[in-house]
Each structure stands twice: as structure tokens, then as C-alpha cells.
Amino acid sequence: MFENEENVDVTEERREQEEKQEEKNQEQQENQQDKEEMKQEEKQEVKKSEEEKQETKEKKPPRFVFNCIKGCGKCCERWDEVPVYISDIQRWIRDGSLNYVLPFLQIKEINQFSVQLVLKRNKEENDTNPSGCPLYDHENKICNLYYSMPIHCSAYPLAFNGQKYFLADKEECPGLGNGKMTKEWLNTCKSRAQEHFNSQGSTMGVLSILYGLILGHIMKKSQEAMEQLSEEDRKKIDELLAKSKGEKEEEKDTSSEKNE
Ligand code: SF4
Ligand code: SF4
């Protein structure tokens, strides 16, 4: 009788242990499932936020949208002086525009230490368009040097300071926000702004080089013109030079006689 009772106790204990183990296993399993679910939820959250970010990026318009409006000319009418850089002079020598531009080139004093080359209108009494850039055709509202305009103009209205891009000024430019901005066009605008920034740096303090370039061009053109002169024209020039030399020597003699 005692032996049987003992057996029953052992079986009961084992059963309890097994139940406990089973509960424990179940609990562990549930924990594992919870963890998996949480991981899945986290993954979904990350995916959702990435999708939202992408969507916002796609919806958000590019910050710089610009397409110049044909016939606007607001900036050309506003700029009385257009800065000119070494790269502009070099390009104009290459494409043959320098002769056209030369009459409008002027030296502007920035401060007591530096000067700048600018395109500036020579104000004349009969000038019907005394304001704005000298190359601007007010009547037809176009730039007379459209295909080789200064880098200052082709970069406008985007500017670059070596680190970031920004709007060149706060003046109204109707081209801002106009039309669509393709990736290629944005890159072109950026590279023009960079070129403008680099030109500013490379032109500082090298005005003598600019002079050299311009004078070299003028001399080359004069030489070409001389070579194309007819024999008759050359004789006339020689006669004029000889006459002027004779007059100068006569003047010299008269003044030395007076001094005696
Ligand atoms: S050079 Fe041409 S684009 Fe530049 S301001 Fe003058 S007219 Fe306008
Ligand atoms: S750059 Fe702007 S202000 Fe200048 S002509 Fe174009 S739209 Fe007009």
C-alpha cells in the first residue's frame, strides 16, 4: 500500500514537471514569435519611411528652376556695366567678336587697389537708349552678342561661391520658376556659375594680361590691314608719314631758333 502511494506521488510530480516544461516551451515559442513579428514590423516601418522619403523627393520640385524668357531683357536693361573677364576676352579673340566689343570696353575703378574691365555704354547726346548694356538692342529686345555673351550674363541668375549655389541678386528675373528644369540644363547652369566664379578669381590682378591680349589683337589686326593695302594706298601713307615727319622737324628747328 505504501509502495503504491509513493509511485502515485512520483508520477504526479513528473506530470507537473512535464506540464511546466511544456508551458515554458510554449512561452519561449510565443516570445520568439513576438520577436519575429516585431522585427517584421520594424522592417515594414523602415521600408514605409524610405518609400515616403522617395515620394517626397519625387514630388518636391528642384529648388532652382530657370528658363530665360525670350524678349524679356530686364537684366540687360538694368546693367549699365557688365563685368568682363579674361576668359571672355580669350573667347572673343577666338570667335572674332573682339573687334565688335572693343569700343564698349572700359576700365572701372573698384577701389584704390583694383580695377575691373567692363562693357559700358559711351553716353552720347543723340543716344536714344542711354541705359543698360551697350550690347543690348532695345528695339528688338535681343543681345547683339547672344552666342558669345559674357560669362557674367550666361551664368545669371545662378551664382556660386566655391561651396554652394545661390541666386546672383534679389532683382526680379521672370525666368525664375519658368518652365521645366531637366537634369542636363541644371548641370549646364551650375557649370556656368562655376565658370563665372573661377573667372572672377583668375582675372583679379591680371589686368596687364588683359591689356596685353587686347593690344596684341589690335596690333595683329592692324598688321593684317596693312598687308591688304594696295600699292597705291601704301604710297599715300608713306607720303603722309614723310610730310608729317618734315613738319615735325620744321617745328623743332623753329623752336630751337626761338630759344637761341
Ligand atoms: S552682353 Fe548681352 S546678355 Fe549681357 S547684358 Fe549685354 S545685352 Fe544682355
Ligand atoms: S535672365 Fe531673367 S531678367 Fe534676364 S532676360 Fe532672362 S528672364 Fe529676363
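Start by selecting Lys 141, which is partly exposed because 13 other C-beta atoms sit within 10 Å (buried takes 20 or more other C-beta atoms within 10 Å of the residue's own, exposed 12 or fewer, partly exposed is in between, and C-beta atoms are placed from the backbone). Lys 141 belongs to the loop between strand S4 (136-137) and strand S5 (142-143); helices (H or I, at least four residues) and strands (E, at least two) are DSSP runs, numbered from the N terminus. Check its backbone too: phi of Lys 141 is near 55°, a positive value in a residue other than glycine.

A word on what you have open: this is a predicted model, in which local features need pLDDT of at least 70, side-chain atom pairs count only at pLDDT 80 or more, and totals for chains, interfaces and linings use all residues. Residues are numbered from 1 along each chain as its sequence is written, while chains are lettered from A and ligands numbered from 1 in the order in which they are written.

Now colour by pLDDT, the predictor's confidence in each residue, from 0 to 100. The protein chain averages 82, and 75% of the residues score at least 70. Confidence is lowest in helix H8 (residues 231-259), with a mean of 66, and highest in helix H5 (residues 151-155), at 97. Zoom out and you can count eight helices and seven strands in the protein chain. Of its 260 residues, 13% count as buried.

Next, show ligand 1 and what is near it (C-beta atom, placed from the backbone, within 6 Å). The surrounding residues include Cys 76, Cys 133, Cys 143 and Cys 153, along with Trp 79 and Met 149. What classes make up this shell? Eleven of its residues are nonpolar, with no polar and no charged ones; Ala, Val, Leu, Ile, Met, Phe, Trp, Tyr, Cys and Pro count as nonpolar, Asp, Glu, Lys and Arg as charged, and the others, Gly among them, as polar.

Move to ligand 2, whose surroundings include Cys 68, Cys 72, Cys 75, Cys 173, Lys 74, Tyr 156 and Pro 157. By class, this shell has eight nonpolar, two polar and one charged residues. While there, look at the peptide bond from Tyr 156 to Pro 157: it is cis, with omega near 10°. Pro 157 is in the loop between H5 and strand S6 (158-160).

From Pro 157, hop to Leu 176, 19 residues away in sequence and 8.2 Å away in space, C-alpha to C-alpha. Leu 176 touches Val 65, Phe 66 and Pro 157, not counting residues up to four places away in sequence (contact means C-beta atoms, placed from the backbone, within 7 Å). Leu 176 is in the loop between strand S7 (165-167) and helix H6 (183-203).

Then head for the largest nonpolar core, 25 residues in which Val 82, Val 84, Leu 119 and Cys 133 have the most contacts. Such a core is a set of buried Ala, Val, Leu, Ile, Met, Phe, Trp, Tyr and Cys residues joined through C-beta atoms within 7 Å. Click Val 84: among its contacts are Ile 89, Leu 117 and Pro 150.

Last stop: helix H3 (residues 86-95), where Asp 88, Ile 89 and Trp 92 are buried. Seen down the axis of H3, these buried residues fall within an arc of 100°, so they line one face of the helix; the arc is that of the directions from the helix axis to the C-beta atoms. H3 is followed by Gly 96, with a positive phi near 80°.

Technical notes. Contact = placed C-beta atoms within 7 Å.
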